[in-house]
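Please examine the model below with attention to its strands, its helices and the packing of its side chains.

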Amino acid sequence: MTDSARWTRVDDGRFQVDLLTADYQRHAFTRHSHATFAIGVVVCGAEQFHYRGSLHRAGVGTLAILEPDEPHDGQAADPSGWAYRVFYPPADLLFESMPRAHFAEAVVDDPRSVHLVRSAHEELTADVDQFAAHSKLAWAMSAVAHRHGDARRDPSALSARDAAAVRKVAEIRDRLTADLRCAPSLRELAAGVDLSPFHMLRVFRDATGFPPHTWLVLERVCRARQLLAAGVAPAQVASGVGFADQAHLTRWFKRVTGVTPAAFRNAVQDPVRTAA
């Protein structure tokens with residue numbers, strides 16, 4: 001199997017959704033997270049990934065459901081590699097027909113949901129019948145949310161100590177994103193929230209799953225995706241978001257998204273597929 005990956009961006013009239021169609025043998029995703037959900041169906045081989053402290057395996061016919069901002073990686077579970085189709089839906093699309101829910105299981109065995117998700121993905125990427133494709137998208141997202149989401153989950157209120165930590169983490173994130181091209185020093189960052197460098201690192205990692213320097217690189221990749229989707233050239237994007245050069249951007253971008261910046265830009269710069 002030769003590694004290949006293709007991004008598709010669709011617009012159902014209210015939400016934009018990214019789709020990934022990929023065949024991987026050698027590629028391994030670095031540890032990262034998404035601003036959206038990631039819902040994938042393996043169609044060949046098997047993938048394994050670390051998520052919420054455990055190693056999970058997703059084989060043919062299973063559905064992987066990863067929640068936003070949850071750190072994870074991904075690679076082939078065996079030398080033959082794996083092929084899969086992935087949706088990256090925003091929460092508002094996934095929960096249009098029910099209250100926002102929590103997904104306790106990262107991998108589920110549910111032939112009906114698998115069929116709906118795969119069928120919707122194939123229809124959207126084929127771009128033959130937009131009305132049918134967007135109808136299938138709605139059915140698939142509703143099925144996943146209703147069949148596997150737990151709307152009864154009610155996280156307990158934050159303690160005063162936890163709330164203070166959340167505020168400090170928000171301040172750190174704001175400081176890091178104020179200028180992606182110029183990161184503050186570790187001591188400047190810690191002093192800004194009145195913590196020691198070690199305590200600041202621990203608080204931030206506990207809240208986000210990443211140390212600040214890694215979180216910043218992933219945020220640069222996220223901003224790079226937005227600029228590339230807007231048509232900005234990769235070389236300009238690299239300097240604009242704080243990477244040393246285009247090669248530096250390319251290395252990190254592919255480790256997170258599975259494709260190069262140029263391939264992503266070309267894919268999403270195609271006419272956006274909108275609802276009929």
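The model is predicted: local features require pLDDT of at least 70 and side-chain atom pairs count only at pLDDT 80 or more, whereas totals for chains, interfaces and linings use all residues. Residues are numbered from 1 along each chain as its sequence is written, and side-chain values use heavy atoms, with hydrogens and water left out.

Helices (H or I, at least four residues) and strands (E, at least two) are DSSP runs, numbered from the N terminus. Strand 8 covers residues 82-88, and seven of its seven residues are buried; buried means under 20% relative accessible area, exposed over 50%, and partly exposed in between, with a 1.4 Å probe and protein chains only. In a regular strand the side chains alternate between the two faces of the sheet. On one side of strand 8 lie Trp82, Tyr84, Val86 and Tyr88, on the other Ala83, Arg85 and Phe87, and both faces are covered.

Strand 8 has pairing partners, where two strands pair if DSSP finds at least two bridges between them. Strand 2 (residues 16-24) pairs with strand 8 in the antiparallel sense over seven bridges, and aspartate 18 has tyrosine 88 as its bridge partner in strand 8. Strand 4 also runs antiparallel to strand 8, joined to it by six bridges; here the bridge partner of valine 42 is tyrosine 84.

Strand 4 (residues 38-51) makes a further antiparallel pairing, over six bridges, with strand 5 (residues 54-59). Within that pairing, histidine 50 stands opposite leucine 55. The hairpin has two residues between its strands, and arginine 52 takes a positive phi near 55° there, although arginine 52 is not a glycine. Because its relative accessibility is 34%, arginine 52 counts as partly exposed.

Aspartate 69 belongs to the loop between strand 6 (63-66) and strand 7 (72-76). With residues up to four places away in sequence not counted, aspartate 69 touches Ser33, His34, Ala35 and Thr208; contact means heavy atoms within 4.5 Å. Between aspartate 69 and glutamate 47 the separation is 22 residues in sequence and 20 Å in space, C-alpha to C-alpha.

Attention now turns to helix 7. This helix comprises 18 residues, 212-229, and reaches 26 Å from its first C-alpha to its last, close to the 26 Å expected at 1.5 Å a residue; the expected span is 1.5 Å times one less than the number of residues. Helix 7 is mostly covered, with 13 of its 18 residues buried. Just after helix 7, glycine 231 takes a positive phi of about 100°.

What do the nonpolar cores contain? A nonpolar core is a set of buried Ala, Val, Leu, Ile, Met, Phe, Trp, Tyr and Cys residues joined through side-chain atoms within 4.5 Å. The largest has 50 residues, of which Leu20, Tyr84, Phe243, Phe253 and Phe264 touch the most other members. Helix 7 supplies the largest share of this core, eight residues. A second, separate core of 30 residues includes Leu93, Val117, Ala140 and Met141.

The aromatic rings complete the picture. Rings of Phe, Tyr and Trp (its six-membered ring) pair if their centres lie within 6.5 Å; planes under 30 degrees apart count as stacked, over 60 as edge-to-face and the rest as tilted. The whole structure holds 12 aromatic pairs. Phenylalanine 95 and phenylalanine 103 have ring centres 6.0 Å apart and planes at 25°, so the pair is stacked; both residues are buried. For phenylalanine 253 and phenylalanine 264 the centres are 5.6 Å apart and the planes at 65°, so this pair is edge-to-face. Phenylalanine 253 lies in helix 9 (residues 246-257) and phenylalanine 264 in helix 10 (residues 261-268), 11 residues apart. Together with Trp7 and Tyr88, Phe253 and Phe264 form one aromatic cluster.
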